[in-house]
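Reader: I would like a close look at the sheet in this model. What is it built from, and what packs around it?

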Amino acid sequence: MSESRSKKLSAKEQRSIIFRAIKLNEQADKGYTLRNVLSEIFSIADEYLSILLLSIVIDGIAEGKDLRSLLLSTTVMVGICLAVQIVKKFVKRRESCHKAKHDIQLRNMLNEKLMGMDYVHLEDPDMQNRYNMCMNYLFGWYGVSSVSTLTGKLASNVFRIIIGAVLIIPSVMVSSGKTGFAGFITSPLGFLSAVAAVTVSELIRALYFRKTAQTYEGVRKDKRQILSNRTYSAYINYVVNNYRSGKEIRLYSEQQLILGEMESCAYENYKLWLKAFFKCHKYGIGYELMKLISRGTVYGYAVLRAIYGELPAGEVIAFIMLFARALLGITGISNDLNNYGLSAEHCKDVFDFLDIPDEKYQGTIPTEKRDDNEYEFEFRHVYFKYPGSEQYVLKDINLKWKIGEKMALVGKNGCGKSTLVKLLCRLYDPTEGEITLNGIDIKKYKYEDYMALFSVVFQDSKLFSFSMAENVAADTDYDSDYVKDCVVRAGLGERLEKMEKGIETCMYKDFDEHGVEISGGEAQKLCLARAVYKGAPFIVLDEPTAALDPISEHEIYTKFNGIVGTRTAIYISHRLSSCRFCDEITVMDNGKIVERGSHDELIKAGGNYSKLWLAQAEYYKDTAGELFA
């Protein structure tokens, strides 16, 4: 649970957060809050004009006014009502048209933050929960967007009270001269007493509303509810609605397993909300009782004034409606202020997420642009442990790459190979020691410039449901001929020729019914093509072919070795046979570098590499042994 939920916000903090939320809404769509305010105010104006029109018609009939006079006054009021209706519709239309743009911009702000934040935050297990929670808190009853809606409602409630007071007070603040109970009812004191009684009941009703809202808010904040909602959504989005999961579900008859897990999540939610519903039932009874007292007081006061001759027949209904709406404004303001408080808590979670600082030092030195690609990297006594862990993943790593060198990095799973690559690419910074580029600590280089030096293909590299060209170029603006060249060089020339739309073919069918499904091996080749297209001077292949057989892996590595040319490259693989062509092989074990040398040198040494090679050799005899004879 975030800090904002464990600590109650002060009134000053709430105001600050509300003002920031309004600014954020304005940043997403200028005029968003104003349109909400105008829409609500014109709706209230329309209500009051309808009441006045009704009063004029009934009064005219009761007083026996001639038809011409009645039609004239009615026509004028209808014209005014029509004009207000037109303006209200125009404002409402503008509000509706801009809402989609506003909502998209708000989501983009959160998405841009997530995609731009330090990778160390992204791998934090709690970060995805916070992101999903904040995405929910952008909208809904108490979200960032709702702050502008609440501002509109608050303005309309203030407007409702002011207009009601202007229309009612002149007729009730004059003494009628009567005595006794009739004199009290028709006196200003009688009116103020009725207002006080209704105000008290409305404020008590608002208190019941607040307790109900706080009870439901407690369920929304409950960790069990958050987790069950996220889990249920994950099953819907990534399992049930993902056609790629369909094969396993059917082949292994996993329907009941999945539906059972989803039902369990839904039942957890059901129990939490049911408990809240029962708790709020007593609040609902008190809420309705106070509502009944308020209405009874308003109606009773209006009827008594009519009985004592202080209200014409046509004004009784109008008086009741005006009085009730003015007092609704009091309840509304109380509810709005309560909702502001709840919204402030949600908005703070969103702002805390947006304010997560980038801890990684960005650097100021531009990387040297070299035509000869002479970049030299070195690890100097590097130690590393992941945030929140006390165990070192890398220990005293000292490593240097010569210009144009092809180095293989091998070792058992979990020995630290991929972590080393993450540090090299500055996805993480060392806990101790330093990594240098041409003798300068990489932290001192401009981060974007430094990242441009690398093309990396990870084991779990992703392709997206864009065109083949956009996947390879990682952009909508690309060189078509060069994209084709990279695809062919990566070994997908034959598949490309079979595609009617060529490099414009969409990958997968998520968004395009004419999209094509590609195999895992083909996907990895496209990732290789993407690395080639970027043209970075330093290339890393981090077990990108782990799912392929040894022959296919060797074929891809050999082909890619030719593509790399004179550039520096690191090949990471748990299959030692695929890396024999490298200039040097570095062996890691338990976070340390234990051996370095060529294949033949390491075999003769009889150390870790030799043991791994002999352990794997049996698997290569029947499938790939002829490649290394």
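**The sheet and its surroundings**

Author: Phenylalanine 538 stands opposite threonine 568 in E8. The model is predicted, so local features need pLDDT of at least 70 and side-chain atom pairs pLDDT 80 or more, while totals for chains, interfaces and linings use all residues. Residues are numbered from 1 along each chain as its sequence is written, and side-chain values use heavy atoms, without hydrogens and water.

Strand E7 (residues 538-542) and strand E8 (residues 568-572) pair in the parallel sense over five bridges; pairing requires at least two DSSP bridges. Both belong to an open sheet of six strands with mixed pairing, ordered E6-E7-E8-E3-E9-E10. Helices (H or I, at least four residues) and strands (E, at least two) are DSSP runs, numbered from the N terminus.

Helix H18 (residues 520-534) lies across E6 and E7 and runs at about 175° to E6. Angles run from 0 to 180 degrees between N-to-C directions of axes fitted to C-alpha atoms, for helices over the stretch in contact.

Leucine 492 lies in helix H17 (residues 480-497). Leucine 492 is buried, with a relative accessible area of 6% (buried is under 20%, exposed over 50%, partly exposed in between; 1.4 Å probe, protein chains only). Leaving out residues up to four places away in sequence, leucine 492 touches Val487, Glu522, Lys525 and Leu526, contact being heavy atoms within 4.5 Å. The C-alpha atoms of leucine 492 and lysine 525 are 7.0 Å apart, although 33 residues separate the two along the chain.

Elsewhere, two helix pairs can be described in the same terms. Helix H2 (residues 11-28) packs on helix H7 (residues 144-172) at an angle of about 100°, with the axes 8 Å apart. H2 and H7 are therefore roughly perpendicular (65 to 115 degrees; under 35 is roughly parallel, over 145 roughly antiparallel, the rest oblique). On the H2 side, the contact uses Ile18, Ala21, Ile22, Leu24 and Asn25, and on the H7 side Val144, Ser145, Val147, Ser148 and Thr151.

Helix H10 (residues 223-240) and helix H12 (residues 255-307) cross at roughly 150°, and their axes come within 9 Å. That makes H10 roughly antiparallel to H12. Among the contact residues are Arg224, Tyr232 and Val239 of H10 and Glu261, Met262 and Trp273 of H12.
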